[in-house]
Every structure is written in structure tokens, then in C-alpha cells.
Amino acid sequence: MGLLGDELAFGRALTAQEYESVMALGHRKEYAADTPLLTEGDRTGHVVIVLRGWVTVSHVTDRGATRLILGLRGPGELLGEMAALDQHPRSATVRALGTVEATVIGGDAFRRFLATHPRVSGLVIRQLTFRLRSADQERSALASLTVLQRLASRLTELSRTAPTGPYAPSAPGPGATGPVVHLAQDELAATVGATREAVAKALRLLRTQEIVRTGTRMVEILDPALLALLAEGHRD
């Protein structure tokens with residue numbers, strides 16, 4: 001399972017000249033916390049490149065009652081490229097976590113630029129391929145892993161990664177001994193495709209075994225090795 005974007009984000013993969021040319025295509029815009037940058041089902045065709053801050057990428061399930069967080073995207077990430085290329089409705093909602101600054105580029109301008117810059121077009125194709133593979137892995141995990149396994153896998157992933165975002169692990173604070181992932185239980189549930197109640201039950205089990213410690217919007221990892229084993233399906 002993987003929640004975070006490509007290790008080499010679109011903006012950081014561009015040369016300095018390419019970066020300047022791409023940014024000149026659009027305009028900068030600031031989004032307040034919890035504001036949608038892109039909305040699922042919309043027929044808009046623009047793309048967004050995150051300059052500062054972090055966003056969630058989420059999809060509403062078929063039943064319409066559950067929001068599934070598909071990814072977290074930070075500085076340098078290109079968003080909305082699929083709708084810009086195939087001109088179909090948006091497949092997900094992108095929402096700001098805290099204040100976000102981004103460059104907004106019209107779909108027509110973006111497509112024309114790609115047509116005359118094959119290397120940049122190749123970077124977009126690489127990103128699409130990466131995200132499709134990641135989505136396949138997520139669907140497989142949802143179908144084959146228990147909530148406990150999915151939760152253990154997600155906490156392991158986030159505790160090992162150090163982006164400067166709202167979900168980033170922090171250094172241990174007073175009384176803490178392991179990395180701390182800052183998540184509310186409903187947010188954590190949305191990242192593993194489970195109900196809040198199911199995640200709360202799994203967290204109680206992890207606390208009982210002294211694998212994690214929880215608090216307000218935080219999960220401290222006390223035993224990373226055992227958590228990783230649980231993610232792989234070992235229960236003993």
C-alpha cells in the first residue's frame with residue numbers, strides 16, 4: 001500500500017527552463033484549509049501544480065457514504081492531468097490540508113505545451129503510470145487484507161516517511177519514545193478504506209499489545225518491527 005506520491009514529483013523532475021516555461025502558462029492561487037482544488041465529477045480541464053502545502057486526493061465510494069483517501073500530495077506534484085488529457089469528468093476530489101499555494105494552468109494551454117515538449121510529456125506519462133500501479137495495489141489491499149493489516153501497513157508507511165506535511169511523523173515529544181503520526185481516527189479510517197469504528201477496534205488491539213500509543217490526532221509507534229510484521233499478516 002502507498003499513500004504518498006512519486007518520490008520525484010513532476011515539478012522537481014523538470015529542468016530549470018522547463019519549470020519556468022510551465023509556470024508561465026498559468027497563474028498562482030492560494031487555497032484556504034479544507035478548500036477543494038478539484039472536485040470529483042466536475043468537467044473542468046485545468047491542471048494544478050502544488051507549490052506550497054499538502055492536499056488529499058479522495059474518492060466517494062459507490063454507496064456514497066464513505067470517503068476513501070487515495071493519496072497525499074505535496075510541493076511539486078501535478079494534479080488533474082487525467083481530466084486535462086482525456087476531457088472526461090474528474091475522478092477524484094483534491095482538498096487542501098492547511099493553506100495551499102498552487103499554479104493553475106488551463107487544459108488547452110497544458111495540452112499544447114505537452115505537444116511541443118516531448119520530454120515533459122514523458123514525465124506526465126510516467127506519473128500516470130506510477131499512480132495507476134499504486135491504485136492497483138490499493139485495490140488489491142482492500143480486497144485481500146484485514147483492517148488490522150491495512151492499518152498496520154499505513155502506519156508503517158507514514159512512520160518511515162518524513163515529508164513536511166500534516167501527516168508527517170514527528171520527532172518524539174515529552175514522554176514519547178517512537179515516531180508520532182498526526183492523524184485523527186476518521187482520517188486514518190479514510191486512508192485504509194474502513195469505518196471509524198473498525199479502525200478504533202484495531203487501534204485498541206494495537207494499544208493492548210503495546211505496539212502503539214494514541215492521543216488526540218496522534219498515533220505513536222512504540223514497536224515498529226512488530227507493526228511491520230502485522231502489516232505482512234503475522235499475528236503471533
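Gln 87 is an exposed residue, with a relative accessible area of 53%, and it sits in the loop between helix H3 (81-86) and S6. The structure is a predicted model, in which the protein averages a pLDDT of 84 and 83% of the residues score at least 70. Its secondary structure comes to nine helices and ten strands, and 47% of the 236 residues count as buried. Among contacts between residues at least 6 apart in sequence, 74% join residues at least 24 apart.

**Backbone angles in loops**

- Most residues other than glycine have a negative phi.
- Gln 87, by contrast, has a positive phi, near 55°, although the residue is not a glycine.
- Arg 217 likewise takes a positive phi of about 55° without being a glycine; this residue belongs to the loop between strand S9 (212-215) and strand S10 (218-221), where Arg 217 counts as partly exposed at 42% relative accessibility.
- A glycine with a positive phi, of about 65°, is found just after H7, at Gly 193.

- Side chains of opposite charge can pair when their charged atoms come close.
- Over the whole structure, a search finds ten salt bridges.
- In one of them, the side chains of Arg 28 and Glu 101 meet at 3.2 Å, N to O, and this pair links distant parts of the chain, with Arg 28 in strand S1 (residues 27-31) and Glu 101 in strand S6 (residues 93-105), 73 residues apart.

- The side chains of Arg 111 and Asp 108 meet in a salt bridge at 2.2 Å, N to O, and both residues lie in helix H4 (residues 107-116), three residues apart, about one turn of the helix.
- Arg 111 is partly exposed, with a relative accessible area of 23%, and Asp 108 also counts as partly exposed, at 47% relative accessibility.

- Helix H7 (residues 185-192) is mostly covered, with six of its eight residues buried, namely Glu 187, Leu 188, Ala 189, Ala 190, Thr 191 and Val 192.
- Two packed helices are described by the angle between their axes and the distance between the axes.
- The axes of H7 and helix H8 (residues 196-208) come within 8 Å and cross at roughly 100°; because angles from 65 to 115 degrees count as roughly perpendicular, H7 and H8 are described as roughly perpendicular to each other.
- On the H7 side the contact is made by Gln 185, Asp 186, Leu 188, Ala 189 and Val 192, and on the H8 side by Arg 196, Val 199, Ala 200 and Leu 203.
- Sorted by class, the residues of this contact are six nonpolar, one polar and two charged.

**The loop at Thr 15**

- Thr 15 is placed in the loop between helix H1 (10-13) and helix H2 (16-23), and this residue is partly exposed, with a relative accessible area of 38%.
- Although Thr 15 and Val 120 are 105 residues apart along the chain, their C-alpha atoms are separated by 9.4 Å.

**Confidence along the chain**

- Among the elements of the protein, S1 has the highest mean pLDDT (97), while strand S7 (residues 169-170) has the lowest (48).
- Over residues 162-170 the pLDDT stays under 50, and for this stretch the model has 29 contacts beyond four places in sequence.

Terms used. Residues numbered from 1 in each chain as written. Predicted model: local features only at pLDDT ≥ 70, side-chain atom pairs only at ≥ 80, totals over all residues. Heavy atoms only, no water. Salt bridge = Lys/Arg side-chain N within 4 Å of Asp/Glu carboxyl O. Helix = DSSP H or I, 4+ residues; strand = E, 2+ residues; numbered from the N terminus. Buried < 20%, exposed > 50% of the residue type's maximum accessible area, 1.4 Å probe, protein only. pLDDT = per-residue confidence, 0-100. Contact = heavy atoms within 4.5 Å. Axes fitted to C-alpha atoms, helices over the stretch in contact; angles between N-to-C directions. Parallel < 35°, antiparallel > 145°, perpendicular 65-115°, else oblique. Nonpolar A, V, L, I, M, F, W, Y, C, P; charged D, E, K, R; others polar.
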